[in-house]
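Here is a short briefing for a first look. Open the sequence and the 3D view, then read on by topic.

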Amino acid sequence: MSRYTGSINRKSRRLHFSILENNKEFLKGKKREYAPGQHGMANKKLSGYGQQQAEKQKLAYMYGLNNRQFQRIFKVAKKMQGSTSLNLLIVLESRLDNLVYRMNFTPTRRAARQLVNHGHILVNGKKCDIPSIIIKVGDTITIKEKSRTLPIVKASFENATLSFVNVDKSTFSGKYVRFPERQELNQDINETYVVEWFSRIVK
């Protein structure tokens, strides 16, 4: 599976899940509770395999991953101490593009990836243009001075941030202060199914 670059609204309807985590895909004029297509209104009960696949797709679309990236992240999570399912979410949340999004430097993760790819981000004072790099607790992420007037940054920077990142709006920088706790993350995901999925194919 390659990284999905199509309509977020369409995938959100199919999965009955807000990939943007803000339900904007289901606002008036866009809202359809059923999946797209002529059979979208059929209420299908998923098998165990189907549930695993659906949960994997939620995370893949939400974090913007292709299958190879996802398998690599699962291997990292599996080697960590503690719960593999929680570790999987921690590794995903520790990606640079995700933390740029969590710090409200951009309105979406897709926009965060573009900001990183185009060289607008510093990590501990050094330019980093690799969205998938894993950030360590204590690292600082900063928007380059010349990039701080970008409309996409100005439009989203006033929103509230989560407590595992600490943002200084005056310097356009944020610090990854600790790993997130499960209750701080999306409650509409069953990461246990994702672990079950990858446990079958990743040794």
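Buried means under 20% relative accessible area, exposed over 50%, and partly exposed in between, with a 1.4 Å probe and protein chains only. This is a predicted model: local features need pLDDT of at least 70, side-chain atom pairs count only at pLDDT 80 or more, and totals for chains, interfaces and linings use all residues. Residues are numbered from 1 along each chain as its sequence is written, and side-chain values use heavy atoms, with hydrogens and water left out. Helices (H or I, at least four residues) and strands (E, at least two) are DSSP runs, numbered from the N terminus.

**Positive phi**

- Most residues other than glycine have a negative phi.
- His16 is not a glycine, yet has a positive phi of about 55°.
- His16 sits in the loop between helix 1 (8-15) and helix 2, and is exposed, with a relative accessible area of 53%.
- Phe172 also has a positive phi, near 55°.
- Phe172 lies in the loop between strand 4 (165-168) and strand 5 (173-176), and is buried, at 18% relative accessible area.

**The nonpolar core**

- A nonpolar core is a set of buried Ala, Val, Leu, Ile, Met, Phe, Trp, Tyr and Cys residues joined through side-chain atoms within 4.5 Å.
- The largest such core has 48 residues; Leu59, Leu88, Leu96, Val100, Ile121 and Ile141 touch the most other members.
- Helix 2 (residues 48-63) gives the largest share of this core, six residues.
- Contact means heavy atoms within 4.5 Å.
- Beyond its neighbours within four places in sequence, Val100 is in contact with Phe105, Thr106, Ala112, Leu115, Val116, Ile121 and Ile141.

- Ala77 belongs to helix 3 (residues 67-79) and counts as buried, at 0% relative accessibility.
- Neighbours within four places aside, Ala77 is in contact with Thr84, Asn87, Leu88 and Val91.
- Ala77 and Leu92 are 15 residues apart in sequence and 9.3 Å apart in space, C-alpha to C-alpha.
- Arg109 belongs to helix 6 (residues 109-117) and is buried, with a relative accessible area of 5%.
- The side chains of Arg109 and Asn98 make a polar contact (2.8 Å).
- A polar contact is a pair of N or O atoms within 3.5 Å; within protein, one must be able to donate a hydrogen and the other to accept it, and residues adjacent in sequence count only if both atoms are side-chain atoms.

**Cavity and pocket**

- On a 1 Å grid over the protein atoms alone, a cavity is a set of points where a 1.4 Å probe fits but cannot get out; a pocket is an open set with protein on both sides within 12 Å along at least five of seven lines; lining residues have an atom within 4 Å of a point.
- Grid points are joined across faces, edges and corners, and a volume is the space filled by probe spheres set on the points.
- The largest cavity has a volume of about 40 Å³.
- Its lining includes Glu21, Met62, Tyr63, Glu93 and Arg102.
- Helix 2 and helix 4 (84-93) each supply at least two residues of this lining.
- The second largest pocket has a volume of about 390 Å³.
- This pocket is lined by 19 residues, with Leu20, Asn22, Tyr101, Asn104 and Pro107 nearest its centre.
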